[in-house]
Amino acid sequence: MRITIFDIHAMKEAGQRIAMLTAYDHPSAALAERAQVPMLLVGDSLGMVVHGAENTLPVTLDDMIRHARAVVRGSSRALVVADLPFLTYATEADAIASARRVMQEAGVQALKLEGGVSIAPTVRRLTELGVPVMGHLGLTPQAQHTLGLRVQARQAEAARRLVEDALALQDAGAFALVLELVPAPLAAAVTQRLRIPVIGIGAGAGCDGQVQVWHDLLGLFPGKSPRHAKRYGDIGTAIEDALRAYVGDVQSGAFPTAAQSSSMDPDELTRALG
Ligand code: KIV
Ligand code: NA
């Protein structure tokens with residue numbers, strides 16, 4: 001049985017913090033599951049961290065479906081949430097068509113949509129139709145060309161609008177909310193005000209849970225990771241070391257040995273080659 005949105009709500013009520021993590025493929029989902037991560041996000045960050053794009057805007061519904069399906073197959077307990085990509089939910093009709101594809105073709109249990117008051121009617125409609133929706137406010141990367149990539153809602157007016165957006169999403173039926181790159185005291189206040197769990201990224205310790213990007217958490221990039229990320233592993237270096245050892249062994253002839261090879265009766269070989 002998978003974790004449900006009701007289990008996630010119960011975690012907030014019990015004061016149990018929620019650890020969410022992105023996953024994009026079968027092996028990562030299986031590892032996250034073994035580590036008992038309760039909620040997995042197939043984020044459109046896959047455009048950058050998996051496909052090498054500059055931002056999330058080029059990600060398509062087909063990209064999301066292919067990756068989300070692999071994550072669903074790699075897990076059996078986690079609640080799997082998938083992002084709807086840029087401009088695939090601009091109208092209610094678009095949102096329903098996109099939701100149908102991701103829910104049916106990938107088999108995720110919930111979707112995440114970026115935006116506040118303006119998409120609340122869409123959130124309400126999807127929820128009525130049986131699609132659990134996670135909201136996403138603060139820095140919403142799909143709007144980076146209009147918002148920039150900086151910390152959001154630092155000024156009173158913008159902070160007040162963020163609170164309104166959060167309440168509108170909750171009223172519309174969103175089951176949870178991601179707050180990205182907002183000041184910690186504001187995120188803590190929103191978390192206090194909402195009944196639904198607030199999952200932060202770069203939003204401080206006062207949220208009900210945290211979400212992190214797989215590659216940032218595990219140190220899979222050679223460069224530096226975002227300030228909000230903490231490295232829990234240096235897997236990129238471990239992979240590079242292993243690959244160097246492999247290249248060296250092929251060059252030196254140390255790999256493969258008889259242990260990795262198959263033998264053949266010499267008579268058979270002679271009869272074949274003369
Ligand atoms: O796409 C993503 O990984 C996300 C998280 C950073 C919240 O939306
Ligand atoms: Na995203």
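Here is a chat about the ligand's surroundings and a few backbone details.

Q: Is this thing predicted or experimental, what does the record say?
A: It's a predicted model.

Q: OK, which residues surround ligand 1?
A: The shell is made of T22, L41, G43, D44, S45, D83, V178, E180, I201, V211 and V213.

Q: And how many of the shell residues are nonpolar, polar or charged?
A: Five are nonpolar, three are polar and three are charged.

Q: Switching to the backbone: which peptide bond is cis?
A: The one from F255 to P256, where omega is near 0°.

Q: Where does P256 sit?
A: P256 is in the loop that links α11 (235–252) and α12 (266–273).

Q: Now L87, what's up with its phi?
A: L87 isn't a glycine, yet its phi is positive, about 60°. You'll find L87 in the loop between β3 (79–83) and α5 (92–106).

Q: Is L87 buried or exposed, and why?
A: L87 is exposed, because it has 11 C-beta neighbours inside 10 Å, and the cut-off for exposed is 12 or fewer.

Q: What about the phi of A153?
A: A153 has a positive phi of about 60° and is not a glycine either. Its spot is the loop between α7 (144–147) and α8 (156–172).

Q: Buried or exposed for A153, and why?
A: A153 is buried, because 23 other C-beta atoms lie within 10 Å, and 20 or more counts as buried.

Conventions: Residues are numbered from 1 along each chain as its sequence is written. Chains are lettered from A and ligands numbered from 1 in the order in which they are written. This is a predicted model: local features need pLDDT of at least 70, side-chain atom pairs count only at pLDDT 80 or more; totals for chains, interfaces and linings use all residues. A residue is near a molecule or strand if its C-beta atom, placed from the backbone, lies within 6 Å of it. Ala, Val, Leu, Ile, Met, Phe, Trp, Tyr, Cys and Pro count as nonpolar, Asp, Glu, Lys and Arg as charged, and the others, Gly among them, as polar. Helices (H or I, at least four residues) and strands (E, at least two) are DSSP runs, numbered from the N terminus.
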